[in-house]
Amino acid sequence: MLLFDIDGTLMLRASDDHRDAVHAALRRVWHVRRPEAARVEAAGRTDLQIARAILLQSGVAADRIDERMPDFKRAAAEEYAVRCRDDLTSFVAPGVPELLRALAERPGVRLSLVTGNLEPIARLKLARGGIGGFFERGQGGFGSDHEDRTELPAIARARAGRPGAAYPQERTVVIGDTPLDIACARADGVRCLAVTTGPYGAEALRAADGVVASARELLPLLSV
Ligand SMILES: [Mg+2]
């Protein structure tokens, strides 16, 4: 089972509408005046983690944050749905559709997701990018499942397995573009391949089991 990250991995620079939707939801739910003024590193983090960091910098108390997180999840998905462009195909990373097509034809390969995006945002982004059909509903680990990315691979394995028997670690690989993707793979005891199509270069990603420059180069590494 291959657990793909979205931003920086399957899709590149497709996060402007997403960021704006998160900010709009923060204004709506907590009345944060200038969420865009907060300094937050978004790459590799979950949407809820990003929201919390902005809120704390904006002086919102932790208990008020927790109380209204469910409202935030709904608001962010709604705000993204109104902003998301109809066609995101030009934001799909080079080689990704071909890679997914080739992998989908291989017997025994399962395509799934581990992303910090809230699930409705992830699904819409992939659908508008024309690659949503590769990723089965009811599968994957999303920013809406847990604020902490390190929990997400285990959630995806539980969903892919049978009751009481999660999908095996030794047959699972996380594919992402940040040190946090590598950390979440390690936290769950699964392998990780990194791509340098996001903000990080090969040196910053050297803790992965393999580092490549593009999706095109992933296929040979996945030929087992
Ligand atoms: Mg990423």
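Predicted model: local features only at pLDDT ≥ 70, side-chain atom pairs only at ≥ 80, totals over all residues.

Helix H1 passes helix H3 in a right-handed crossing. The axes of H1, which spans residues 16-30, and H3, which spans residues 62-83, come within 8 Å and cross at roughly 135°, so that H1 is oblique to H3. On the H1 side, the contact is made by Asp17, His18, Asp20, Ala21, Val22, Ala24, Ala25, Arg28, Val29 and Trp30, and on the H3 side by Arg68, Asp71, Phe72, Ala75, Ala76, Glu79, Tyr80 and Arg83. Sorted by class, the residues of this contact of H1 with H3 comprise ten nonpolar, one polar and seven charged.

The axes of helix H2, residues 47-57, and H3 come within 11 Å, with a crossing angle of roughly 125°, and H2 and H3 are therefore oblique to each other. The crossing of H2 and H3 is right-handed. Here H2 contributes Asp47, Leu48, Ala51, Arg52 and Leu55, while H3 contributes Ile65, Met69, Phe72 and Ala76. The contact of H2 with H3 is made up of seven nonpolar and two charged residues, with no polar ones.

| Helix pair | Axes come within | Crossing angle |
|---|---|---|
| H1 and H3 | 8 Å | roughly 135° |
| H2 and H3 | 11 Å | roughly 125° |

Phe72 and Ala76 of H3 are among the residues that make the contact with H1, and Phe72 and Ala76 are also among those that make the contact with H2.

Technical notes
Residues numbered from 1 in each chain as written. Axes fitted to C-alpha atoms, helices over the stretch in contact; angles between N-to-C directions. Helix = DSSP H or I, 4+ residues; strand = E, 2+ residues; numbered from the N terminus. Parallel < 35°, antiparallel > 145°, perpendicular 65-115°, else oblique. Left-handed = near helix turned anticlockwise from the far one by under 90°. Contact = placed C-beta atoms within 7 Å. Nonpolar A, V, L, I, M, F, W, Y, C, P; charged D, E, K, R; others polar.
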